[in-house]
Amino acid sequence: VLVNDVSLRISAVAASQYPTDGWPEIALVGRSNVGKSSLTNRLINRKALARTSGAPGKTRTLNFYAVENELFLVDVPGYGYAKVSKKQRAEFGAMIEAYLTKRSVLRGVVQLVDGRHVPTADDVSMYRYLAYYELPVLVVATKMDKVKRSQFNRSESMIRKTLGLTPATRVVLFSAQEGFGKDAVWDWIEAHMAA
Ligand code: GDP
């Protein structure tokens, strides 16, 4: 995929701010620090358009990145972080749930998990949630440059088993650092834009 024109359209704190262009949207979800900003920057060939978060969980907006006037990549704030109040967490959860379950232009969700570890309980809950709402999901294992190639099959099996992936759900092993996995992620996004 050639990505020339990308910009942050809006960091939305309310549904009333979501874009009304009608372009398809692909959401990116994952725990704080999983490598979501790094993946986003790698996908769009930018060094630092998406913030890499020094303070986990600080970003609590839905960030809409406009790609080539045809697609929005939507950065959904990281789940499973500690430093927010119960009230904040509830409000924030409601906004995300409404986005994921009611947004008509949402075509699919890329769920990131840390490829170095077994998926967490939060990861499992998130996948079940997405599966329950029958959203197409691509699972991306991040930071795979830290995993030996000889362990790749094992990592994928562990992720499949722990998340309880349906056989049709794809897993892409990815490294923002080295760049591998990027084309497979774009292929999946393109395949789901029309749907
Ligand atoms: P976010 O909180 O999900 O947006 O995560 P970031 O993109 O900010 O990354 C969190 C940390 O993981 C940073 O220190 C990154 O440098 C590191 N990181 C992200 N992607 C990779 C990767 O592919 N390989 C390695 N080795 N580190 C990564």
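In what sense do E1 and E3 pair, and over how many bridges? I looked this up before anything else. E1 and E3 pair in the antiparallel sense, over six bridges.

**Entry: the model**

I am working with a predicted model. I checked the confidence scores. The average pLDDT of the protein chain is 89, and 87% of the residues score at least 70. The ipTM is 0.99 and the pTM is 0.92.

**Entry: the chain as a whole**

I listed the secondary structure. The protein chain has five helices and seven strands. I then read along the sequence and wrote down the pattern β-β-α-β-β-α-β-α-β-α-β-α. The protein chain has 195 residues, and 34% of them are buried. I also looked at contacts between residues at least 6 apart in sequence. Of these, 74% join residues at least 24 apart.

**Entry: the sheet**

I traced the strand order next. Seven strands form an open sheet, in the order E1-E3-E4-E2-E5-E6-E7, with mixed pairing. Which strands stand at the edges? They are E1 and E7 (170–173). Each has a single partner strand, so one side of each has no neighbour in the sheet. On average, neighbouring strands of this sheet are turned by 25 degrees against each other, direction ignored.

**Entry: strand E3**

I went back to E3, residues 62–67. Is this strand largely enclosed or largely open? Five of its six residues are buried, so E3 is largely enclosed by the rest of the structure. Ala 66 has Phe 72 as its bridge partner in E4. E3 and E4 form a hairpin, with three residues between them. I checked the turn and found that Glu 68 has a positive phi of about 50 degrees.

How do E5 and E6 pair? E5 covers residues 106–114, and it pairs with E6 in the parallel sense over six bridges. Leu 112 has Val 140 in E6 as its bridge partner. Helix H4 (residues 152–163) packs on the sheet and touches E5, E6 and E7. The direction of H4 makes about 140 degrees with that of E7. I looked at helix H5 (residues 182–193) too. H5 lies across E2, E4 (71–75), E5, E6 and E7. It runs at about 155 degrees to E5.

**Entry: the core**

In soluble globular proteins, nonpolar side chains tend to be buried together. I looked for such a group here. The largest nonpolar core has 40 residues. Which of them touch the most other members? They are Val 74 and Val 140. Strand E6 (residues 137–142) gives this core its largest share, five residues. I listed the contacts of Val 140, leaving out residues up to four places away in sequence. Val 140 touches Leu 39, Val 110, Leu 112, Val 172, Phe 174, Gly 181 and Val 185.

**Entry: Ser 16**

Last, I picked a loop residue. Ser 16 is in the loop between E1 (6–12) and E2 (25–30). Is Ser 16 buried or exposed? Ser 16 has 6, so it is exposed.

Terms used
Residues are numbered from 1 along each chain as its sequence is written. This is a predicted model: local features need pLDDT of at least 70, side-chain atom pairs count only at pLDDT 80 or more; totals for chains, interfaces and linings use all residues. A nonpolar core is a set of buried Ala, Val, Leu, Ile, Met, Phe, Trp, Tyr and Cys residues joined through C-beta atoms within 7 Å. A residue is buried if 20 or more other C-beta atoms lie within 10 Å of its own, exposed if 12 or fewer, and partly exposed in between; C-beta atoms are placed from the backbone. Helices (H or I, at least four residues) and strands (E, at least two) are DSSP runs, numbered from the N terminus. Two residues are in contact if their C-beta atoms, placed from the backbone, lie within 7 Å. pLDDT is the predictor's confidence in each residue, from 0 to 100. Two strands pair if DSSP finds at least two bridges between them. Axes are lines fitted to C-alpha atoms, for helices over the stretch in contact, and angles run from 0 to 180 degrees between N-to-C directions.
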